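Work through the following exercises with the model open, and settle each one before reading its solution.

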Amino acid sequence: MSAKELKTLSREEVAKHNKADDLWIVVDSKVYNVSRFKDLHPGGASVFAEEDIAGQDATDAFYGLHRHDILKRPQYARLQVGTIDGEKSVIYSREVGLLSDVPYAEPTWLSAGYYSPYFKESHKRLQQAMRKFVDEIITPDALAREEDGKRPSASVINAMAELNIHTMRMGPGKHLKGLTLMGGVVAPEEFDYFHELVIIQEMARCAQRGYGDGIQAGSVIGLPPVMNFGSPELKARIVPEVLSGKKFISLAISEAFAGSDVSGLKTTATKSEDGKHWIVNGTKKWITNGMFSDYFTVGCKTESGFTVILIERSEGVETKPIKTSYSPTAGTAYITFDNVKVPVENTLGAEGKGIFVILSNFNHERWVMCVASARGQRFIVEECLKWINQRKAFGKPLSSQAIIRSKMAAMIARTESVQSWVENITMQMCNMSYKQQAEKLAGPIGLLKMYATRCAQETATDAVQVFGGRGITKTGMGSYIEHYHRTVPFDAVLGGAEDVLGDLGVRQAIRQMPKNARL
């Protein structure tokens, strides 16, 4: 039934349709004929048999059980037969491309009446463009791919490439020169780490953790070593392929016996007799995007010490999927290198000096994870605020309970503190050279990541308590909460375990202690 055919009805008229074979309900001033649908309802026909449902306004009952998005689905939208005379629908959920007006759902720099010393008009223009792109292009694909486990759709990768989003995710630098960024909303010469922060946080709003890693996360951590330490010839060949979305790359450091302990790597690279090739043998584990990568930035043990080598998928390279807590769409892999022959020109940085290549790369990787974590926590705050406002228990909204408000206060405080710390670190990055960042920010970023991931896990636990049984159910009202709670530990482990990073931050602080400092 089209919108033009919808009837204008009074509530008295609707009330007459309260029989099993003639059953209407009102949801948000819209009238639905559920006579035939009631027997197909997952909760059973008995749900509609209650006196305060049949022929009556079922808005509170509906939103106590279902998300608003359900009403937009074609199979349910077609059940609408009319609207209530003189009334307008007022309920809405996530509006495509728009900011949320739920308190704390957006960072303060995006909230009306608030100010920031960090963000300019170009950041706001980029945010608006990214919000629309994520809502219309990325999120629908994310939901579908999380369901079927396939890699992100080529159409999405290509759409991102056309707008140079892959390139912007590498941060500010010479690689942006001469490009049109996001349709021209920001100029290459003004692009800074706050612009990159905007891109990261908008993409995180798809709230599908496996997809978030699957959509070129491997390039974010695997390509910078090539860009910063590869030979001119190597960069000229590899970088355009990856940034155009035609080829894929991943960072392959972790091993079964060496996760955060880079010094314990067992993968070896030995020179061929003519000295022109590396012969690589060993395994790598938990490699994000490894299943569909064409290139691997690999940490190897050589005679000269730890060395980073770019390995192309070729004879002797085998990848097997690893099942994790999140979707296979991330392409998490176990990789075997069996006598893989690699040109020595593929060495990234100086032979035996790979630790500098990886450590400088870790800062950006960990910062990206902190930025995304801040946005992920904020999304959960928004979900919980909506839920406690609409869910009724003991005859009152959940928000009337002091214990619930206490949990929300803690969630909000954690989210705001992580965002503020992230913005402070980002400001330092904007005013430091790449070398200065490596020297000064490894410890602070390590501490930030530890703090952010611990805050995230506390928020995930509190959110499950707020949602109750729905918070551990993969579909329905608490689907985002269940997903977040199940996948949030990834950030606490990937990029360096939080305990290790916390220790890194303290060790750096101790090394910088003045020798004459006393109580």
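**Exercise 1.** Does Arg486 count as buried, partly exposed or exposed, and at what relative accessibility?

Solution. The model is predicted, so that local features need pLDDT of at least 70 and side-chain atom pairs count only at pLDDT 80 or more, while totals for chains, interfaces and linings use all residues. Residues are numbered from 1 along each chain as its sequence is written, and side-chain values use heavy atoms, with hydrogens and water left out. Buried means under 20% relative accessible area, exposed means over 50%, and partly exposed lies in between (1.4 Å probe, protein chains only). Arg486 has 26% relative accessibility and therefore counts as partly exposed. Its salt-bridge partner is Glu482, at 2.7 Å from N to O, where a salt bridge is a side-chain nitrogen of Lys or Arg within 4 Å of a carboxyl oxygen of Asp or Glu. Glu482, with a relative accessible area of 9%, is buried. Both residues lie in helix 16, four residues apart, about one turn of the helix; helices are DSSP runs (H or I, at least four residues) and strands likewise (E, at least two), numbered from the N terminus.

**Exercise 2.** Describe the salt bridge between Asp503 and Arg507, giving its length and the accessibility of each partner.

Solution. The two side chains meet at 2.8 Å, N to O. Because Asp503 and Arg507 are four residues apart in helix 18 (residues 498-511), about one helical turn separates them. Asp503 is partly exposed at 40% relative accessibility, and Arg507 is partly exposed as well, with a relative accessible area of 37%. Elsewhere, salt bridges with shared partners join Glu106, Arg131, Asp135, Glu202, Arg205 and Arg375 into one network, and the structure holds 28 salt bridges.

**Exercise 3.** Classify the aromatic pair of Phe119 and Phe194, and locate its two members in the chain.

Solution. Rings of Phe, Tyr and Trp (its six-membered ring) pair if their centres lie within 6.5 Å, and planes under 30 degrees apart count as stacked, over 60 as edge-to-face and the rest as tilted. By this rule there are twelve aromatic pairs. For Phe119 and Phe194 the centres are 5.0 Å apart and the planes make an angle of 70 degrees, which is edge-to-face. Phe119 lies in the loop between strand 5 (80-84) and helix 4 (121-148), whereas Phe194 belongs to helix 7 (residues 193-204), so the pair links distant parts of the chain, 75 residues apart. Both Phe119 and Phe194 are buried. Ring pairs also link them with Trp109 and Tyr118 into a cluster.
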